[in-house]
Amino acid sequence: MKSSDLLIPTVKEAPNDAKIISHQLMIRAGLISKLASGLYSYLPMGLRVVQKVEKIVREEMNKSLAQEVLMPVSQPAELWQESGRWEEYGPELLRFQDRHGRDFCMGPTHEEVITNIAKQYLRSYKQLPMNFYQIQTKFRDEIRPRYGVMRSREFIMKDAYSFHIDEASLAETYQVMHQTYCNIFDRLGLNYRPVLADSGAIGGDSSHEFHVLADSGEDAICFSDGSDYAANIERAETLPQGDPSAPTQELSVAETPNVKTIDDVCTLLGIPSNTTIKTLVVDGDDGNLVALVLRGDHELNEVKAAKIDGVAQPLAMADEEKVQKALGCAFGSIGVVNPPIKLVVDYAAACLSDFVCGANEDDKHLTGVNWHRDTPDFVAADLRNIVAGDPSPDGKGKIEIKRGIEVGHIFQLGTKYSDAMNANVVGENGKSVNMNMGCYGIGVTRVVAASIEQNHDDRGIIFPEAIAPFQLVIVPINYNKSSRVKTLADDLYQQCLDKGIEVLLDNRKERPGIMFADSELLGIPHRMVISDTHADNGNVEYKARNAPEKIEVIYGEAADFIVSKLA
Ligand code: ATP
Ligand code: MG
């Protein structure tokens, strides 16, 4: 195509709300345009990139024998009531009514719709397994839409759902999807890692997220330096750390007026936070309270906490009045010596000795506290986020933490939806069986942003060839003044088109500096410059976006030169 036929609204400055580089560059390169919070239009160049991603996803999904379908964005409430998620899903689910007053929602995901389809059309185990996918717009009313299309409210997702007669068949397709995702992200040229993710009710290794490694990532993922273990922080287990050493200190009371936080306690008493204990009180599932106890420098892992026996789900911090009533003190002074509520102690806190904690009395703390001697009744559990330096849960090596952007998620659902919605088939023995299901998502538009996070420099985007909006840009100098340059540029453009190269001819009446800057901002992988000077030598100038050198190429060989580069 020629630049004169395309809208490519590049700009020098990014808007103030663009905090991360991919957001800034997508706006500056004219790939997207903001409509409202979390809503973006894809302009011609942006859409070309999105469609390239879609093409790779589609080819690999087809190769895995998944079948493409397309489901409606709007979904009737009845389906969501059947699955129980009309109540469960919360405000991310955008609900509305049609003209007859019937409830609907904008699909944030499509388990209900596909299960409904499977229920209608799948009758016998002989038809299974089957895997359906679509590439379609989702709506999620995100509490904090940000980072452009990275976390938007409307976005394009590839979602797939597989149906199986048993868990073994589900596990097999899950492996095929794992490999398919690796093939997709390899082809997209991303530096990514599959990591173990929280697998909800099913447990085991039945869920993986695919993370693109980038400092701007919203997720923390941990890796072992001694094995290929990788997991989302939410999911990574921490190991028991053995028994505490024998007490050496007497239990005593320290006056701590107006001390509210661990930092305040440490400053006042002049001790490090890893010798203190903090106690968080949450609602129990029987109306009583449960105390969750952590080492002062550790963070509660809410996913783990919600799974502890006796803790209410979803996890809810107890309100202060209730705590005051049960324990006789405010939040800042809660401690572990004989509180009248159940104590669940994180492994790392359970191995401390001679530690400091609240006294269950306002403005007082206890020092020289020891488990067993001072507080016999507690259970130890894994409650905290893993931290750098912890032993790897697989027993090999130590943990390192990096930031990741979740671009894909695969999940063994089991029979959660088929049980709720009665999606069954006739099994081999003639009895009806609820189908096992898997679901597999890729954030197509997030992939574009994630790729830019990994591929850019101070002049702009450096698209990998696989998803670049064009493979080659021809930049003629004085196109509108020199008829020789115009002829050479037009001819080369035509030769490239004939060879199937996706080529952009920059025929604008712009200064060369602007054309160079735009081609670099847009990240087009290959550039040919044609000028009178190069023409005098029978050459064109070639430069790859990702390399500094400029090379003279014989004009007559230029198109083939690019073909060889695109191999
Ligand atoms: P997150 O933890 O980032 O909110 P999620 O767990 O809600 O993601 P899934 O429901 O597994 O995501 O959705 C599948 C994929 O869709 C994600 O891996 C991600 O790539 C993409 N995705 C999810 N939410 C958004 C969003 N708000 N904007 C863009 N892409 C998204
Ligand atoms: Mg989400």
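Trainee: Which polar atom lies 2.7 Å from the backbone oxygen of methionine 61?

Mentor: A polar atom of the side chain of serine 64. A polar contact is a pair of N or O atoms within 3.5 Å; within protein, one must be able to donate a hydrogen and the other to accept it, and residues adjacent in sequence count only if both atoms are side-chain atoms. Before we go on, two notes. This is a predicted model: local features need pLDDT of at least 70, side-chain atom pairs count only at pLDDT 80 or more, and totals for chains, interfaces and linings use all residues. Residues are numbered from 1 along each chain as its sequence is written, chains are lettered from A and ligands numbered from 1 in the order written, and side-chain values use heavy atoms, leaving out hydrogens and water.

Trainee: Where does serine 64 lie?

Mentor: Helices (H or I, at least four residues) and strands (E, at least two) are DSSP runs, numbered from the N terminus. Serine 64 is in the loop between helix H2 (44–63) and strand E3 (67–68).

Trainee: Is serine 64 buried or exposed?

Mentor: Buried means under 20% relative accessible area, exposed over 50%, partly exposed in between (1.4 Å probe, protein chains only). Serine 64 has 18%, so it counts as buried. Contact means heavy atoms within 4.5 Å. Leaving aside residues up to four places away in sequence, serine 64 touches Val176, Met177 and Thr180.

Trainee: What about glycine 107, and which residues does it touch?

Mentor: Find glycine 107 in the loop between strand E6 (103–106) and helix H5 (111–121). Its relative accessibility is 0%, so glycine 107 is buried. It touches Val73, Gln75, Lys138 and Phe139, again not counting residues up to four places away in sequence.

Trainee: How many salt bridges does the structure hold?

Mentor: A salt bridge is a side-chain nitrogen of Lys or Arg within 4 Å of a carboxyl oxygen of Asp or Glu. The structure holds 36. One of them joins glutamate 68 to arginine 58, with the closest N and O atoms 2.8 Å apart. Glutamate 68 is in strand E3 and arginine 58 in helix H2, 10 residues apart. Glutamate 68 is partly exposed at 39%, and arginine 58 is partly exposed at 28%.

Trainee: Which side chain meets lysine 307 in a salt bridge?

Mentor: That of aspartate 198, at 2.6 Å, N to O. This pair links distant parts of the chain, 109 residues apart. Lysine 307 is in the loop between helix H8 (302–306) and helix H9 (320–327). Aspartate 198 is in the loop between strand E9 (192–196) and strand E10 (207–213).

Trainee: Which residues are linked in a network of salt bridges?

Mentor: Lys55, Glu59, Glu60, Lys63 and Arg187.

Trainee: Now sheets. In what order do the strands of the open sheet stand?

Mentor: Strands of a sheet pair through backbone hydrogen bonds, either parallel or antiparallel. Two strands pair if DSSP finds at least two bridges between them. Here 4 strands form an open sheet in the order E14-E15-E16-E19, with mixed pairing. Strand E14 (277–283) and strand E19 (379–381) are at the edges, each with a single partner strand, so one side of each has no neighbour in the sheet.

Trainee: How many bridges join E14 to strand E15?

Mentor: There are 7, and the two strands run antiparallel. Strand E15 covers residues 289–295. To see the pairing, find aspartate 283, which stands opposite leucine 289 in E15.
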